[in-house]
Structure formats: structure tokens, C-alpha cells
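Take a walk through this fold with the coordinates open.

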Amino acid sequence: MPLIKSISGIRGTIGGKTGDTLSPVDVVKFTAAYGAILKKNAGKDKNVKVVIGRDGRISGAMISNLVQSTLSAMGIDVVDLDLSTTPTVEIAVPLEGADGGIILTASHNPKEWNALKLLNEKGEFISAETGLELLRIAEAEDFNFVPVDKLGKIKKDDSYMQKHIDAILNYPLVNKEAIAAKNFKVVVDAINSTGATFVPALLNALGIENIIVLNKEVTGNFAHNPEPLPNHLTELSSTVVKEKADLGIAVDPDVDRLCFVCEDGSMFGEEYTLVAVADYILSLRPGNTVSNMSSTKALKEVTLKRGGSYTPSAVGEVNVVKKMKETDAVIGGEGNGGIIVPDFHYGRDALIGIALFLSHLANQKGSIGSLRRQYPDYFISKNKIELDSSINVAAIFKSIKEKYAKNPINDEDGLKIEFDNDWVHLRTSNTEPIIRIYSESDFESKANHIAHKLMEDIKEEIK
């Protein structure tokens, strides 16, 4: 099973050989490399502090103990939030005045996986440059541990769920009174992770009392594939209908992705989570938006309609955040249900996303289904081509770019080619030997046709 070393952290499966999986040895090595960078940046006379938290995975406690002990052995103080969410750890880092943070989660990956997601002192993901330096230090094992009288202190802190919720309630665009007045009935799929604790607590704080929680035991034995996609949410859909609920909510195990189910059991659409939240924010606070270039064009249309400017970014949260800062965006994110509210914090946050979406819904006269019908129906076709390691992808992309030279092309992240009102995005994966081909149109058949045409082009180049 694989161990994936990237500029944003280390991810792998549990069990197996060192260097091939997320073994205890690899956890210690990469944690120590991260600690070495923080200590170097801080200087000799400063005590270094790191906030850590984990999702509900089976391996979470084991990995957390390794990380805490390694940081302590480097003379670094640890604030352990224990069972938490990715956005909560991101918020805690600056509030604690910490030098960084580590989130122990493999996000939407199955239970066999875990990962170390690494943050800077702002609670944002580390830069590509820092990530490359970390990989170098880990490979060379270029780090040192402290003598016994200089070990770092470890402190438990379980106050941050409430601090996160309080910050959401105090956010000026969250309308608690309007939400409470609607008396919503909500079904939550908590996927046996920390969303089972955090999401109901938030809903209660927003004045929602009628809550049904599915998969509420925080065991890490995920009841279904934890990625919040329609084919994994059949229980949520059927329960919404059966219980005559107003809506359903699904999050991933670390609560940074979010999607909704309508009152009839249909999907609101994870691509439209960001569209709806952006529409609400832009109606009250005009400005610019950003999403990655594999996300729906509906966000661009909503932004232009509200008088703002839309900018696409390369895929990846760190790239979205970078572009949001460059364009002074008031809202941004990714089409996978990732909401980034910059004046709250620069990270995907399902909890603030829930509060803003419900504020938007509470201001509507109709149901969540009628809200969805306010936005256009676009279809994204998602495909991939597996590659042999000998294939020159750069040469393939160069030829395709020449073939479609008359079309608008963005080559910031692979190739995005526009066809009138449609588009296709070709990009290599950071973790697999594949080319991803995403295309969007107002008809599913047309989106599929565009994708398959480009797949044929790629196959011709491979020959």
C-alpha cells in the first residue's frame, strides 16, 4: 500500500513496511523534519508551540501519540485538541500564538488511510517551498532531539469546539435569529467521525433542535465510503424523505467538505454548495470570488451578476487561497464542497459553510429545492486516463494546446480549454500516474462528448 509524500504533508495507509506505508518510523521522521523547520524559523531563544488535532479514524490516537512524543522530544510544546476538525485546528493555531499546526486526517480517504496535514503560524497550509524543504530534511534525517531537561510540554485543550462555534455565531453574516425562526428539521450524516460532535453542536447553537444524526458513533469505522458523493449518501437521502426533513447535511471525516440534500432526497450538488454560499455573501458584501478551474462556471456567473470579478486558480486549497489573497476575494473555495471565508479564516470550513448556507436558506420563502432551482443546471463529466511511466505528458499537452490554439486556453494548471460556454480541464494527478479530464456543459451528454473527444486526442498523442 502506498506512502504519498507531497509538499503539503505525508499520507499513507496503516500497516506495512517503513517507507511504503504511513509507518510509525515515517510519522516520526516527517514530524521531526517539520519540527526542525519551525525551530529554525523561530530562532534559538523562542519556545516553539504546535497545535494538533485529529479526526475520528481508528489509527488517530496511535498517530497522535507518535506526533506528540516526537515534537516533545524536539523541545516543542504541544497543544492537543484531540478529536477535532481541520478548520478548528486552523483557527486554533493563531489563537494560541502557535508556530504551526498538524492535522491528523486523511480527509475523504477510507479508514485504512491517515495523514499529517501541516500548517504555518497563520493556520494555513505550508507553502510549496516549505514542503520541499521538509521532504529534503526528512530524507536526510537532518534533525536533532533535545536532552531530557528540555523536553516540550504537552497540554490538552478541549475548549476549541465551543470557541469555533462562538466565532461562527459572532460572524456578521450568520443570521442565527432567521435560522432559529424557521424551525428546520435536519438529518446529518456524520460518517463516524468528529462531525458527529461538531455539526449537531453548531446546529443547536443556531437554534435548530430537531436533528437526526446518522452514523453518529465516532469509531472511525466509516459506514460507507467517506467522500460525500451522491452514490455514498443514499441512506441520508432516504432518511430525509422518510423523516420529512427540510434538508440533509453531509460532511467528510475532518469536516472541511460539505454538501446538502434537498427535501425530496435529491442532491443539492456539491458544486453548488460554494455557489449558494457565494451568492448569499455577494448579496450582502459585493466583491470578488475564486474557485479552482475544475469547478463549475456557475460561480463565475453568480459573481458577474452580483457585480464582482471571478478568477480561476490551480487545483488545491493552497492555490485557491493564494489567488484569493491576490484578488482580495470575499469568498472562494472548491467545487468539492470546500468553502473558504477569508475574513473568518483562510481554510475550507464546513461549519461556517453550514451557518452561511442556512442563513441564505432562512431568507428564502421556499424549500432548499426551490433555492437550488434558482441556479443553472450544469453537468461536469469526470474522467481519467491511466499513464505508463514512460509517457511524456508535457509533450502531449503541448500538442493539444497547438491543436486548440484558436480557443481560449489557461495553462496555469495543466490545460483548460474553453468552447463557447463549455470547458474542459486536463491535468495530471499529484498522487497517481493519470491524466484527469473534467468537462462542463449545460447538457450531460455534451459534457461527456467534450471529455471523450479530448480523451481520444490524448490517446492519439500517446500512440
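Helices here are DSSP runs of H or I with at least four residues, numbered from the N terminus. The model is a predicted one.

Start at Thr86. Thr86 belongs to helix H3, which covers residues 86-95. Is Thr86 buried or exposed? The cut-off for buried is under 20% relative accessible area. Thr86 has a relative accessible area of 1%, so it counts as buried. Its contacts include two acidic residues, Asp254 and Asp256. Thr86 also touches Ile103, Thr105 and Lys117. This list leaves out residues up to four places away in sequence.

Next, go to helix H7, residues 195-205. How many of its 11 residues are buried? The count is eight, so the rest of the structure largely encloses this helix. Gly195, Ala196, Phe198 and Val199 are among the buried residues. An α-helix has 3.6 residues a turn, so residues three or four places apart point the same way. Just after H7 comes Gly207, with a positive phi of about 90°.

Now the aromatic rings. A pair of rings is described by the distance of the centres and the angle of the planes. Rings count as paired if their centres lie within 6.5 Å. By this rule there are five aromatic pairs. One of them joins Tyr171 and Phe344 in an edge-to-face arrangement, at 5.9 Å centre to centre and 85° between the planes.

Phe260 and Phe357 make a stacked pair, 3.8 Å centre to centre with 15° between the planes. Distant parts of the chain are linked here too: Phe260 is in strand S11 (residues 258-261), Phe357 in helix H12, 97 residues apart. Both Phe260 and Phe357 are buried. Which residues do ring pairs link into a cluster? They are Phe260, Phe268 and Phe357.

Finish with charges over rings. The charged end of Lys163 sits over the ring of Tyr160, 4.2 Å from the ring centre. Lys416 places its charged end over the ring of Trp423, 4.3 Å from the centre of that ring.

How values were computed
Residues are numbered from 1 along each chain as its sequence is written. This is a predicted model: local features need pLDDT of at least 70, side-chain atom pairs count only at pLDDT 80 or more; totals for chains, interfaces and linings use all residues. Side-chain values use heavy atoms; hydrogens and water are left out. Buried means under 20% relative accessible area, exposed over 50%, partly exposed in between (1.4 Å probe, protein chains only). Helices (H or I, at least four residues) and strands (E, at least two) are DSSP runs, numbered from the N terminus. Rings of Phe, Tyr and Trp (its six-membered ring) pair if their centres lie within 6.5 Å; planes under 30 degrees apart count as stacked, over 60 as edge-to-face and the rest as tilted. A charge sits over a ring if NZ of Lys or CZ of Arg is within 6 Å of the ring centre and within 35 degrees of the ring normal. Contact means heavy atoms within 4.5 Å.
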